[in-house]
Amino acid sequence: MSGYYQQRIHRALNSIAPETLQLRVSSLPDRDLAMAIEALDSEDGRRILVLLPPAKALRVKQEQDYLSRLRFTSSPVSY
């Protein structure tokens, strides 16, 4: 992600009250949230993970582990 968008996201995260941010990100699906956090810089990603309830944070970390093991290829799968 370009620095421009990272700066915009960082400013947006800092402008939202922690309670509001927690409510918004807690409602996202675990895998979607894991992918979004991976796109952020590490400081912003940690800030979001800290706000999550412990069970949600664990599931998001499990999704991050799963996503890190995936391999994307451009070749079609044949059966």
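Visitor: How exposed is Arg 59?
Guide: Arg 59 is partly exposed, at a relative accessible area of 36%. Under 20% is buried, over 50% exposed and in between partly exposed (1.4 Å probe, protein chains only).

Visitor: What kind of model is this?
Guide: This is a predicted model, where local features need pLDDT of at least 70, side-chain atom pairs count only at pLDDT 80 or more, and totals for chains, interfaces and linings use all residues. Residues are numbered from 1 along each chain, and side-chain values use heavy atoms, leaving out hydrogens and water.

Visitor: Which residue does Arg 59 form a salt bridge with?
Guide: Asp 30, with the closest N and O atoms 2.8 Å apart. The rule asks for a side-chain nitrogen of Lys or Arg within 4 Å of a carboxyl oxygen of Asp or Glu. Arg 59 is in helix α5 and Asp 30 in helix α3, so the pair ties together parts 29 residues apart in sequence. Helices are DSSP runs (H or I, at least four residues), numbered from the N terminus.

Visitor: Is Asp 30 buried or exposed?
Guide: Asp 30 is buried, with a relative accessible area of 18%. Lys 56 is buried too, and its side chain meets that of Asp 30 in a salt bridge (2.7 Å, N to O). Asp 30, Lys 56 and Arg 59 form a linked network of salt bridges.

Visitor: How many salt bridges in total?
Guide: Three. One of them joins Glu 63 and Arg 31, at 2.7 Å between the closest N and O atoms.

Visitor: Different topic. Which residues of α4 are buried?
Guide: In α4 (residues 42-51), Asp 44, Gly 45, Ile 48 and Leu 49 are buried. On the other side, Arg 46 and Val 50 are exposed.

Notes:
Helices (H or I, at least four residues) and strands (E, at least two) are DSSP runs, numbered from the N terminus.
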